[in-house]
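Let's take a friendly walk through one protein model. Have the sequence and the 3D view ready, and follow along.

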Amino acid sequence: MKRAAAICYAFVFYPVLALYTAGAVLLLTAVNAAAAPFSSREASMRRFRRMIAWYGYGIVRVLARPVCRVSCESPRRDVRTAKIFVSNHVASSDPFLVSLLPEATVQVVNLWPFKLPVWGIFARWAGYLNIRAMSPEAFQESAARLLAQGTSIVAFPEGTRAGDGPVGPFHGAVFRLALATRAPLVPMCIVGNARSPARGSIVLEPAVVRVRCLPELPWERYGAMSAFRLKNHVRGLIVDELARMRVSA
């Protein structure tokens, strides 16, 4: 019965999402076009990031709410400090859950977001990092510059969605970045959205989605590690916490 209701809701969700997206695109374009003559490039990029975050927040908190209950848990931290968030990757909805973070963020993404109509352009203008199209040196330089400007980085170092399966091995680029910049690392765990939607489906099945940020790791706690050891340490923290979250679900 729940799945039948979710299928029915899909006929409402996607037309509303299309209208919401069209309105967001028009608003974002108009606001930035009006402000462009009076803003620096950095200010325009910050504005794009804020509005992309608001767009994602509207999807998570409003449009998907009839079928997906979403919570975000986190210990207290200084949101003004730029950090590197490292998360497991469950589903295509994960990037929208990033909008729940109070920090200004840029995501490390693969090629596909840049191929989206209009939003691909906005992602470039917002400074999103295309890990597949950048050399390691260019990635580290661009990400370090963002961190120095006060913008946090969000990465899904598995590189692909794991669904309900075990967390995959982590790639090392973001951990080399942490060691080079000494930015705090925040492990982040996502559970519950593996079928919202499932791979190959458009149906948002009823779900309780939980996002949990673990205590941040300052440079003093990881600076002596190699990138290989650091990525496995952070992966272990995430795997252990995911096990606890699934048991308590």
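The buried residues of α6 pack against β2 (84-87), α5 (136-148), β5 (152-155), β6 (185-191), α7 and α8 (227-248). Contact here means heavy atoms within 4.5 Å; helices (H or I, at least four residues) and strands (E, at least two) are DSSP runs, numbered from the N terminus.

This is a predicted model: local features need pLDDT of at least 70, side-chain atom pairs count only at pLDDT 80 or more, and totals for chains, interfaces and linings use all residues. Residues are numbered from 1 along each chain as its sequence is written, and side-chain values use heavy atoms, leaving out hydrogens and water.

Which residues of helix α6 (residues 173-181) are buried? They are Val174, Phe175, Leu177 and Ala178, where buried means under 20% relative accessible area, exposed over 50% and partly exposed in between (1.4 Å probe, protein chains only). Seen down the axis of α6, the buried residues fall within an arc of 150°, so they line one face of the helix. That arc is taken from the directions from the helix axis to the C-beta atoms.

After α6 comes Arg182, with a positive phi near 60°. Arg182 and Glu220 are 38 residues apart in sequence and 8.7 Å apart in space, C-alpha to C-alpha. Glu220 counts as exposed because its relative accessibility is 68%.

| Helix | Residues | A residue in it |
|---|---|---|
| α6 | 173-181 | Phe175, buried |
| α7 | 219-222 | Glu220 |

Leu185 touches several residues, including Phe175 and Ala178.

Terms used:
Lists of a residue's contacts leave out its neighbours within four places in sequence.
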